[in-house]
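Subject: Structure handover

Hi,

Here is the structure for you to look through. My notes follow below it.

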Amino acid sequence: MLRRMIVPACSALVALVVATGLEASSNTAGVNASATVSGRCVVTTSPLAFGQYDPLSTHGTATLDAASAVSVSCTKGVSATIVLDAGTHASGATRRMANGTSYLTYDLFQDAAHLTRWSSTGSQLSIAKSTSMSARSFAVYGVIAAGQVVPTGDYSDSITVTVNY
């Protein structure tokens, strides 16, 4: 008898659930994703090692040359400029390597023919807008003028390379 009463009660409950709309439902929402890509550049350099300078070489008429490079990687779409300062021991725009209070002057150029100077007073190299993030290399050619009368010793300087973007 109990069984006969439960079956009609369950049937009535199912009918009530269906009639009142208590069936399963769903709702959706989206998640917005965003990011900002900042333009930036990374610069690396290689040493400019002149080696042995001999003021007496061919009666002081031979220059001493050396080469280095500035490598720049920028975010795609970034244009930039490269500036090399006059160095730690400069006198005005004249670059000098120091050994105590003695100085050996030198200069920096963008080309092997020494026609385009890396000026420390505003001249800069413009880099076109990058189309990839591959590093681009820019030459730095150094020249120590012949015939400088300096004492023996080790001479050095430090050039700051700035990439503006």
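Start with the cysteines: C41 and C74 are both buried (under 20% relative accessible area; exposed is over 50%, and partly exposed lies in between, with a 1.4 Å probe and protein chains only). A disulfide joins the two, with 2.0 Å from S to S. The term stands for a pair of cysteine sulfur atoms within 2.5 Å. By that rule the count is 1 disulfide. The link of C41 and C74 is right-handed, with 105° about the S-S bond. It ties distant parts of the chain: C41 sits in strand 1 (residues 41-45) and C74 in strand 2 (residues 64-74), 33 residues apart. Strands here are DSSP runs of E, at least two residues long, numbered from the N terminus.

A note on the source: this is a predicted model, where local features need pLDDT of at least 70, side-chain atom pairs count only at pLDDT 80 or more, and totals for chains, interfaces and linings use all residues. Residues are numbered from 1 along each chain as its sequence is written, and side-chain values use heavy atoms, leaving out hydrogens and water.

Now strand 5 (residues 102-109). Of its 8 residues, 6 are buried. Strand 5 runs antiparallel to strand 4 (residues 95-99), and 5 bridges join them. Strands pair if DSSP finds at least two bridges between them. Y103 in strand 5 is the bridge partner of A98. The hairpin of strands 4 and 5 has 2 residues between the strands, and G100 there takes a positive phi near 65°.

Strand 5 also runs antiparallel to strand 7 (residues 136-144), joined by 4 bridges. There, F109 has Y141 in strand 7 as its bridge partner.

Best wishes
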